[in-house]
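Have the viewer open as you read.

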Amino acid sequence: MKKKTLVYPLVTFIIVLVIWEILVSIGGIPLYILPAPSKIMKTLFENRSILAMHGVVTLTEATIGLVIASVLAFGMALIMDASQTIKFSIYPHFVVSQTIPVMILGPLFSIWLGFGMAPKIVMVILMCFFPMVVSFSDALGKVEVAQLNLLKTFGASKGQLYRLVKIPAAIGGFFSGLRVAATYCIGGAIVGEWLNASAGLGYYMIRVKNGYMLDKVFACVVVIILLSLFMNGVVKLLEKLVYLKRGKRI
């Protein structure tokens, strides 16, 4: 079964690329409309240095934003679980905040925070915070009451309840949200760079798009996909290390 989950998507992907290559060649589709996969790969190789330079900028913004969002989401979920009053007071605001497109806040962040890395990091935080805090908060609320009551009979404090039972039992929910956020974080950095930047894949993509160099645009897309997969892989590795440390298999 594991072999099929790897082979089938790979075969499908190759078939799509072959059809794409043939259609562009036969149809004589110009570069500024749709580049062939072979042209994209050639451009990716020829521009690897500049793509790597911009990629490092985007990855740095995404990583910093994801780390900050993780810490904030972890702490906020614990606070909301510990106090239902706080949860009922602020949780609806989190939900309503998701109805606001993050992109429209970009100009405001530029005015408030300048044109450096800070506005992009804030964009990443806003995109990553919600899935983590919701996932972890829900997982904390589903911890078995019997386990908590058992520890209470032994005189366990509230801090010990969280350290020994609640957090270990709900950590899977936190990582579930973190995996989603890891996929979002690169996109959040890219959106921030579209609005204002002097470096990064989003900035480079806008620049080459304005010159109708779609092979370079697609090369950026490939790098963005690879970075998103990398971030997701790092989170999965971190999750495995946490579970292995606790003596569990996942």
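What follows covers the fold, the packing, the cysteines and one surface patch.

## Ground rules

This is a predicted model, so local features need pLDDT of at least 70 and side-chain atom pairs count only at pLDDT 80 or more, while totals for chains, interfaces and linings use all residues. Residues are numbered from 1 along each chain as its sequence is written, and side-chain values use heavy atoms, with hydrogens and water left out.

## Overall fold

The protein has 10 helices and zero strands; both are DSSP runs numbered from the N terminus, with helices (H or I) of at least four residues and strands (E) of at least two. The C-alpha trace spans about 75 × 50 × 30 Å along its principal axes.

Of the 250 residues, 36% are buried (under 20% relative accessible area; exposed is over 50%, partly exposed in between, with a 1.4 Å probe and protein chains only). Counting contacts (heavy atoms within 4.5 Å) with a separation of 6 or more, 73% come from residues 24 or more positions apart.

## The cores

The largest nonpolar core holds 45 residues, and Leu 51, Leu 66, Cys 128 and Met 132 are among those with the most contacts inside it. A core here is a set of buried Ala, Val, Leu, Ile, Met, Phe, Trp, Tyr and Cys residues joined through side-chain atoms within 4.5 Å. Helices H3 (48-82), H6 (118-141), H8 (158-195), H9 (201-210) and H10 (214-245) each supply at least two of its residues, with H6 giving the most, 12 residues. Apart from it lies another core of five residues, including Val 143 and Leu 161.

Leaving out residues up to four places away in sequence, Leu 51 touches Leu 44, Leu 201, Tyr 204, Ala 219, Cys 220 and Val 223.

## Cysteines

Cys 185 counts as buried because its relative accessibility is 0%.

Cys 220 also counts as buried, at 0% relative accessibility. Its closest cysteine sulfur, in Cys 185, is 17 Å away, so the pair is too far apart for a bond.

## A greasy patch

Leu 6, Val 7, Tyr 8, Val 11, Ile 15, Ile 19 and Leu 23 make a nonpolar surface patch of about 670 Å². Leu 6 lies in helix H1 (residues 2-27) and counts as exposed because its relative accessibility is 57%. Patch residues have over 30% relative accessible area and no salt bridge, with nonpolar side chains (Val, Leu, Ile, Met, Phe, Trp, Tyr) joined within 5 Å and like charges within 9 Å. A salt bridge is a side-chain nitrogen of Lys or Arg within 4 Å of a carboxyl oxygen of Asp or Glu. Areas come from the Shrake-Rupley method with a 1.4 Å probe, and for residues only the protein chains shown count as cover.

Methods:
A disulfide is a pair of cysteine sulfur atoms within 2.5 Å.
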